[in-house]
Amino acid sequence: MAAAVAARQEPGRMFHGAGTYQTAPGMATASPTYDPTFRKMGNGQAVAAGQMQAQVPRQSQGVGNGPQVRSTSEQLEVLCGPLLNYRRMSGEHTNNPVWHGSVLLVTAPGQIPERLSLRCVGSADGSSTANGYAASLDRSFPGTKLYEDPGKAFWQFDVEAPFQEQESAWEYSVPRMTSAKSDRPQLGRPTRFYIPSKHESMRIMFHSCNGFSVGTDEEAWSGPALWNDVVRIHEQRPFHVMIGGGDQIYNDNVRVPGPLKPWTDIGNPEKRRQYPFNEDMRAKCDAFYFNNYVRWYSAEPFASANGQIPQLNIWDDHDIIDGFGSYTDHFMRCSVFRGIGGVAHKYYMLFQHHIPPPISTFTTDAAQTMHERGADAVQLRDTYVLTQRVEDPSYIIGEKPGPYVEERSRSIYTQLGKRIAFLGLDARTERTRHQINYPETYDLIFRRTSQQLAASKGEIKHLILLLGVPIAYPRLQWLENILQSPIIGPIRFLNKRFGLAGGFFNQFDGGVDLLDDLDDHYTAHQHKKERSVLVKRLQALAKEHSVRISILGGDVHLAALGRFYSNPKLAIPAERDWRYMANIISSAITNKPPPQAVANLLARRNKIHHLDHDTDETLLELFNEDPGHGLPGVKPKSGEANHATMPSRNYAIICESHSHTASAATNGVNGHAPNNGNANSITSPFPTPKNPREPLHIGEQDAGTGHPAASGIIRTGLAGKDGLDVTIMVEIDPSDREGHTQGYGFSVPGLESRAYEGQGEKW
């Protein structure tokens, strides 16, 4: 690491491993400091800061010269990575589909990695080994420099591989990799990942809230212990993709004890709103976000999972700072929020999407950065940013920047193998206290999704929708009304004068701290209309394309299963009900859960709600018992009457409940015979329960620890041949550093909505 540190201090020089340098041929040596009014250009010419924008040098496909250092070290010094991402499929509706992904390395500056090598090592089950045919699939891929400054360089490798008849194992490696801190001796070994058979869909792991809130005793919660369980399950039956539902990292410490502490220490909210976000603060925040990403993404066992399970991520507030977007509008528009929004977005693009960031981020010192893509020469000093790059077709990019982040939203549509599509909504970039996404963004998203589903000509049977925050969830409007009522006024006065109830009010706008979380919910009163329109558009999409939609949600730090479904009076079986949408709520994989009393309160609020005349919603009573029930020393997680919400750390597993590969073993376990008939044929009508909190179809029957899907390993064969198995893996004991879990299973049926096509308008 000494070489990397020295490189930051000596622009224009090469380092030779143990901190020795020489000036790079043809490179001018720049001063390690700069004057705010004048600075040296590469040719030694002094120019005024106001003239810098026009004189920023360009390199091929990018802006800026970079730090102008070259390493002569024999090793590739890695600061973070490798990080593996999944992007999309090409040829997805042909017999020769191709898997597309990327690998990211963060290295010391001045280094150029060799090509990444990819080789097929045979089928995943080991029934066939690498042979001449597998060897013919071996390829190598060059690295692309996304960004470089005097402290680090980001290198991205586009990777592609053909799907095979059987699930296949692949290994990738980059020569000469070594840990810059010498703390990862296994770094240079090839890393293995898996691609499903071209006849199958991907096996999905879903997680959210992967970090700790400010003030949490991380050791008391055994750190990121559940990632041990993820790796353990992956070794038994591999995951093909790892969906991050938001809060993949917690950056809240930027406020305390981070560089925003002087700002948050200001007692007057008005003075906080007027506080400038100058270049000095931007640079400190930039260093904070980068270092926090490196620290967290290098932490085991999370780091091991990052390299071998392809990630697919959408961000949420903690990826920026707690509550970003949900405070009052006049406060969210202050310079500090706009500034940290830009810095957080920069590293979100690099670490989580492996794409170059904007040229510059917002500061009050450079007026041009107040608008999208404005370049700031001070930020580009000794820096290189890739600019000429074709956007990956999986992105659905908003038409205009968000109100508080000077960037456009990035939602994702991609296909996860043969029959499952994924739609991830960027519900943070455009968010305000009164809206989640712009109406025109919804139009873009639904237009693209409908086109893709139509292009599949019925091959796509299931659409996984990621919203981040739950949408089928108990109402808390009564609590919102209390927290916004006049009775809070005297408490706020006592807080300002004497510090009473200090933890009750947030440090930003002086509002009630819990309100930003409540305002994030789709069920909040100000989002009620937007929520209703979204659900109805999803119903129409499911009905038109006869595709089952299941929704992923996190954020709330507990597990649950919400469902929308047709009013029982309509007597529509779930297998043919386009209104049936399960909301799989899995949160948090790392952060501590809410108190038991909060979970019990939510369970008591689990009413049967009516979205409209024909659509009801409620939570399934999924948790028949607490995890580790009866084991010595394991404390109960929820009240005896609470079977709907589980306040214990967790993650989810989603996969097809039937095998579609000809040579695969027969489906069905524990006496459940597979339904191999017509897509979702109903052998006998499932009785409509008097209490819809109970099972609505055969896949929900015996939901919980006794369900065939509870192991997270074996296909159940339930809910029709296009059904999905879902397992929520719940932590048993937070003091267990190995993170052992207990599974709660259920299945989601495929959809055959056209069985009712003859009913005319009612259909």
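**Note on salt bridges and cysteines**

1. R232 has a relative accessibility of 22% and therefore counts as partly exposed. The classes are buried at under 20% relative accessible area, exposed at over 50%, and partly exposed in between (1.4 Å probe, protein chains only).

2. This is a predicted model, in which local features need pLDDT of at least 70 and side-chain atom pairs count only at pLDDT 80 or more, while totals for chains, interfaces and linings use all residues. Residues are numbered from 1 along each chain as its sequence is written, and side-chain values use heavy atoms, with hydrogens and water left out.

3. R232 pairs with E738 in a salt bridge, 3.8 Å from N to O. R232 belongs to helix α4 (residues 226-236) and E738 to the loop between β30 (724-731) and β31 (741-748), so the contact ties together parts 506 residues apart in sequence. Helices (H or I, at least four residues) and strands (E, at least two) are DSSP runs, numbered from the N terminus. E738 is partly exposed, at 41%.

4. The structure contains 32 salt bridges, each a side-chain nitrogen of Lys or Arg within 4 Å of a carboxyl oxygen of Asp or Glu.

5. Another bridge joins R176 to E114, with the closest N and O atoms 2.8 Å apart. R176 is in the loop between β13 (168-173) and β14 (177-179), and E114 in the loop between β8 (98-107) and β9 (116-123), 62 residues away.

6. R381 and D382 form a salt bridge at 3.4 Å, N to O, and both are buried. Shared partners link D149, K152, E279, R282, D286 and K346 into one salt-bridge network.

7. Zero disulfides (cysteine sulfur pairs within 2.5 Å) turn up in a search of the whole structure. C80 is buried at 0% relative accessibility, as is C120 at 5%.
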